[in-house]
Amino acid sequence: MAAEEVENSCACVILQCRPGVENEPTETNFAVKTMEVPLINEGQCLAKTLCLSVDPYMRCLMNEDSGVGYLTSWDLGKPPSGGGVGTIVKSRCEGFQEGDIVYSFQWPWQEFVAFSGDDAQLSKERSAFLCSNPSLLLGIVGMTSLTSFLGIREKAHITPGANQSVVVSGAAGACGMAAGQIAKLDGCGIVIGICGTDEKCCWLTDELGFDYAINYKTSKNIREEIKLKCPAGIDVYFDNVGGEISNEVIRCMNPNSHIVLCGQISLYNKDIPYPPPIPDDVQEQLRVKKISRDRFLVLNYMEKFASAKEQLEAWVREGKLKYRETIAKGLETTGYAFVSMMRGGNIGKQIVKVAQTM
């Protein structure tokens, strides 16, 4: 699409109302509106949105107070923002030209977006492989897998050849699918994934190389299943869900083991602090066994993003790091995609495909 072909109006999705801190989000929290295509000034560029990312952390942004100092709540009546990738359709700034593929972690949910050329949030993609597969910049080579990669590298303490056992909860989601595979690539022993359907369990073991998978919805006793599959105990827990699932995993952990506290999706609809409190007996397990449970924030490791992204892309291209995307088509489906993802409706990374590449 040439610059002169950009229409005067475009669609956007706005936050219409908040769900309340202890309610599940619904599609009615969002609405599709029409807005004017942003005009750009000298030093700005206009991007056409190709794909958007919806992620669990966004749930806290729906509240008046996000509860965390590094994230700002979404404003009512305005488009939410998150991970996005697009193509430049008009540029009045150095360093960006029409046809460039760009991405940002602060991409509004709208068809066309104006960025400042010196905006540190906007990055130009130079890999031909990723420019041809832009959705990967939001998933397996994007922020979710950067979180998994750096979470494993910085907090899991995996030693090749030590035969350490790893459990990943939310294992069939965007972070979980990468975390289990990265743990294997880094030299751990057994990897167990916990997820919510038999289809997801089969995908983890048959395609991604997890040794075992547990369906928490049908399991009669998660702790006993873990003990049967890994009688030597658990050395690393990559925690995406929190709640009773996590309590049961922690009760199976070995002395001096490590919890990578990545997310707590089962608790995001509750008005409790983060990290959330845990039962007294589980807290005692942490103390007696000297189990680390430090909050992990990937933004603390931004200086390592470039090298981590390079490694993730190499693994994908070599077939060592596999992935799956659940695609919702059209900007108008963004609210639905977010709600579905929060309810476990996705396998792999949930993506909203807004437009085709040119």
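Biologist: How many aromatic pairs does a search of the whole structure find?

Modeller: The search finds seven aromatic pairs. Keep in mind that this is a predicted model.

Biologist: Which residues do ring pairs link into a cluster?

Modeller: The cluster consists of Phe30, Trp74, Trp109 and Phe338, joined through ring pairs.

Biologist: What does UniProt place at residues 22–119?

Modeller: The UniProt record, an unreviewed entry, has "domain: Oxidoreductase N-terminal" there. In the model that span is 4% helix and 42% strand. Its end C-alpha atoms are 35 Å apart.

Biologist: And what is listed for residues 176–267?

Modeller: UniProt lists "domain: Alcohol dehydrogenase-like C-terminal", again from an unreviewed entry. Residues 176–267 come out as 38% helix and 26% strand, with 17 Å between the end C-alpha atoms.

Biologist: Let's look at α4. What should its twelve residues span?

Modeller: Helix α4 covers residues 174–185, and at 1.5 Å a residue it should span 16 Å. The end C-alpha atoms are 17 Å apart, which agrees.

Biologist: Is α4 mostly covered or mostly open?

Modeller: Mostly covered, since ten of the twelve residues in α4 are buried. Among them are Cys175, Met177, Gln181 and Ile182.

Biologist: What follows α4?

Modeller: Gly187 does, and its phi is positive, near 105°.

Biologist: Which residue other than glycine has a positive phi of about 60°?

Modeller: Asn163 has that value. Asn163 sits in the loop between α3 (143–156) and β8 (166–169). With 59% relative accessibility, Asn163 counts as exposed. Lys290 also has a positive phi without being a glycine, in this case near 55°.

Biologist: Where is Lys290, and is it buried or exposed?

Modeller: Lys290 is in the loop between α8 (280–289) and β13 (292–295). Its relative accessible area is 62%, so Lys290 is exposed.

Biologist: Why point those two out?

Modeller: Because most residues other than glycine have a negative phi.

Biologist: Salt bridges next. How many does the structure hold?

Modeller: The structure holds 18 salt bridges. One of them pairs Arg324 with Glu199, and the closest N and O atoms are 3.5 Å apart. That pair links distant parts of the chain, 125 residues apart. Arg324 is in the loop between α9 (305–318) and β14 (325–329), while Glu199 belongs to helix α5 (residues 198–206).

Biologist: How accessible is Arg324?

Modeller: Arg324 is partly exposed, at 31% relative accessibility.

Biologist: What about Arg317 and Glu313?

Modeller: Their side chains also meet in a salt bridge, at 3.4 Å from N to O. Arg317 and Glu313 are four residues apart in helix α9, so about one helical turn separates them.

Biologist: Are Arg317 and Glu313 buried or exposed?

Modeller: Arg317 is exposed, with 56% relative accessible area. Glu313 is buried, at 11%.

Biologist: Which residues are linked in a network of salt bridges?

Modeller: The network links Arg223, Glu244, Glu248, Arg251 and Asp281. Within that group, Glu244 and Arg251 form a salt bridge with 3.0 Å between N and O. Glu244 is partly exposed, at 47% relative accessibility. Arg251 is buried, with a relative accessible area of 17%.

Biologist: Now the surface. Which residues form a nonpolar patch?

Modeller: Tyr70, Leu299 and Met302 form the patch, with about 290 Å² of accessible area together. Tyr70 is in the loop between α1 (58–61) and β4 (81–91). Tyr70 is partly exposed because its relative accessible area of 39% lies between the cut-offs of 20% and 50%.

Biologist: Last one. How far apart are Ser340 and Glu27 in sequence and in space?

Modeller: They are 313 residues apart in sequence and 9.3 Å apart in space, from C-alpha to C-alpha. Ser340 is in helix α10 (residues 334–342).

Biologist: Is Ser340 buried or exposed?

Modeller: Ser340 is buried, at 15% relative accessibility.

Definitions and conventions. Residues numbered from 1 in each chain as written. Predicted model: local features only at pLDDT ≥ 70, side-chain atom pairs only at ≥ 80, totals over all residues. Heavy atoms only, no water. Patch = residues over 30% accessible without salt bridge, like charges linked within 9 Å, V, L, I, M, F, W, Y side chains within 5 Å. Areas by Shrake-Rupley, 256 points an atom, 1.4 Å probe, with all protein chains shown as cover. Salt bridge = Lys/Arg side-chain N within 4 Å of Asp/Glu carboxyl O. Helix = DSSP H or I, 4+ residues; strand = E, 2+ residues; numbered from the N terminus. Buried < 20%, exposed > 50% of the residue type's maximum accessible area, 1.4 Å probe, protein only. UniProt positions renumbered as here; feature names shortened; annotations may be inferred. Expected span 1.5 Å × (residues − 1). Phe/Tyr/Trp six-rings, centres within 6.5 Å; stacked < 30°, edge-to-face > 60°.
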